[in-house]
Amino acid sequence: MLEQEIETKEKEILVDRQGEVLTGASPHKLSKSFYIESYGCAMNFSDSEIVASILNKEGYGPTKEMDQADLVLINTCSIREKAEDTIRQRLTVFNKAKRENKKLVIGVLGCMAERLKTKLMEEEKLVDLVVGPDAYRELPGLVNAALTGQKGINVLLSREETYDDITPLRLESNGVLAYISIMRGCDNMCSFCVVPFTRGRERSRNAFTIVAEAQDVFDRGYKEVTLLGQNVDSYRWENPETGAAVSFAELLVMVAEVNPKLRVRFSTSHPKDITDEVLYAIRDHHNICNYIHLPAQSGNSRILKLMNRTYDRPWYEAKINRIYELIPDCTISSDIITGFCTETEEEHQDTIDLIKWSKFILSYMFYYSERPGTMAARKYEDDIPYETKKRRLAEIVDVQREESRQSNLKDIGRTYEVLVEGNSKKSDLQFKGKTGRFKMVIFDKIPGVLPGDYVMVKIESCNSATLFGHITKKID
Ligand code: 5AD
Ligand code: SF4
């Protein structure tokens, strides 16, 4: 390594108050510290890294110990009622810490900010700061306001904010996988979903800053990026200088071209928007992973119409067929909501049938939770009893588990390229990593192989969630 390079690398490595090494942290002195908890989707975790970067520039370093922090933040999720309940419980815990340390500032960030600002701040007096997803640049000023006893609040949504120019400070990172936000908001208006209200209108980030961020993480040793957005297939960025537009398929290729050793994933796709061009990009680039998260939500056309998903069952099936036709090796996963308003037993069976038919390798499954302000809350009665919702959820979970197991059984005897992510949860003698097809693999360590390496792993056994195998060779 050149001397100059060594110097830059050293500058980038900073140690927080607990001795944790943080990559990309500000080289100036950190006089104060913040503690942040994140809930909900990958997008929220990625936002917390933007918040961390903004605070870092103002002299705040991250800490993993709440009781040592000057500022405690919770990045919240509103997608289901249960997520909101969890956050209230955490706020009560933070307030106990505040009784010990009167100067502690407690802030709520993210999706609950807009919905519950008055309640949390004025009625329940649980927080000093409320900052919505588009107002994070204001955070340092609002913290200062809170320190002088004023209430710091900004929940305005923006049509432009994409935080293009902010290099996230990677928190909780294993140094191998990085998440890059490519767009914000959602214009889809699925009837059950609160996201368009909490995160506002859809806007795409400058393609060049996305590619630069991918290059930057690769240069720091990361080997996989996941491009994040509520609906990545509707990504479209117009270059203000040339007027030329970049589509999602084009962006995927631009990121894949950063380096063949950088794996590229993306989430989430909408069945109505994913194009053949995206499928060609996956097919034609070894480092764009053969895996698509394509939420179906339901297997029944009437329910899909009530959900305002804008496709029906035959359309979804045609999409799946097209994916398997162009990329026979591709794996697909889904999100499913069970017990949506008026869903009958037969319609529930349609969802079970879709899970089997589509051969999803996994699904994230939920029972319907009515969210205030959504189209479903305004138009339909939440009429499926809680017990029925829970029973239907248990049924689809069982069906999916069996599908996952069947899919994993087919992998036994095959050999896959796996990116080593780190130690397995259960043993320091074993590594975990994923195949390009998004299957988790556990295998014994061998000398000379480290996290961030690519290895070939022969699969020997499995359960419904994991493959087990051994390294046959390291890929240089
Ligand atoms: N109730 C239950 N699940 C929901 N989701 C979104 N809104 C709701 C809701 N009101 C699920 C959808 C979405 C995933 C992120 O969360 O399946 O794809
Ligand atoms: Fe919500 Fe639908 Fe947008 Fe996903 S696509 S965030 S489910 S409105």
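The domain assignment of the protein chain, whose bounds come from an automatic or database domain assignment, gives domain 1 (14–154), domain 2 (177–408) and domain 3 (415–475). The C-alpha centres of domain 1 and domain 3 lie 36 Å apart. The structure is a predicted model, in which local features need pLDDT of at least 70 and side-chain atom pairs count only at pLDDT 80 or more, while totals for chains, interfaces and linings use all residues. Residues are numbered from 1 along each chain as its sequence is written, chains are lettered from A and ligands numbered from 1 in the order in which they are written, and side-chain values use heavy atoms, with hydrogens and water left out.

The pLDDT, which is the predictor's confidence in each residue on a scale from 0 to 100, averages 91 over the protein chain, and 93% of the residues score at least 70. Over residues 1–28, however, the pLDDT is below 50, and this stretch has 47 contacts in the model beyond near neighbours in sequence, a contact being heavy atoms within 4.5 Å.

Helices (H or I, at least four residues) and strands (E, at least two) are DSSP runs, numbered from the N terminus. Residue L55 is found in helix α2, which spans residues 42–57. At 0% relative accessibility, L55 counts as buried, where buried means under 20% relative accessible area, exposed over 50% and partly exposed in between, with a 1.4 Å probe and protein chains only. Leaving aside neighbours within four places in sequence, L55 is in contact with F34, Y60, L71, L73 and L139, and its C-alpha atom is separated by 9.6 Å from that of K32, 23 residues apart along the chain.

Residue T226 is placed in strand β12 (residues 224–228) and, at 8% relative accessibility, is likewise counted as buried. Apart from residues up to four places away in sequence, T226 touches A178, Y179, I180, R265, F266 and S267. The C-alpha atoms of T226 and I180 are separated by 6.0 Å, although the two are 46 residues apart along the chain.

In helix α9 (residues 276–284), the residues V278, L279, A281 and I282 are buried. Seen down the axis of α9, the buried residues fall within an arc of 155 degrees, so they line one face of the helix; the arc is that of the directions from the helix axis to the C-beta atoms. Among the elements that cover these buried residues are α8 (248–256), β15 (263–267), β16 (291–293) and α11 (313–326).

A search of the whole structure finds 12 aromatic pairs, where rings of Phe, Tyr and Trp (its six-membered ring) pair if their centres lie within 6.5 Å, and planes under 30 degrees apart count as stacked, over 60 as edge-to-face and the rest as tilted. The rings of Y291 and F438 have their centres 4.3 Å apart and their planes at 10 degrees, so this pair is stacked. The pair links distant parts of the chain, with Y291 in strand β16 and F438 in the loop between β20 (430–435) and β21 (440–444), 147 residues apart. Y291 is buried, with a relative accessible area of 7%. In the pair of F340 and Y368, the ring centres are 4.8 Å apart and the planes at 75 degrees, so the arrangement is edge-to-face. F340 is buried at 0% relative accessibility, and Y368 is buried with a relative accessible area of 2%. Ring pairs also link F192, F340, Y368 and Y380 into a cluster.
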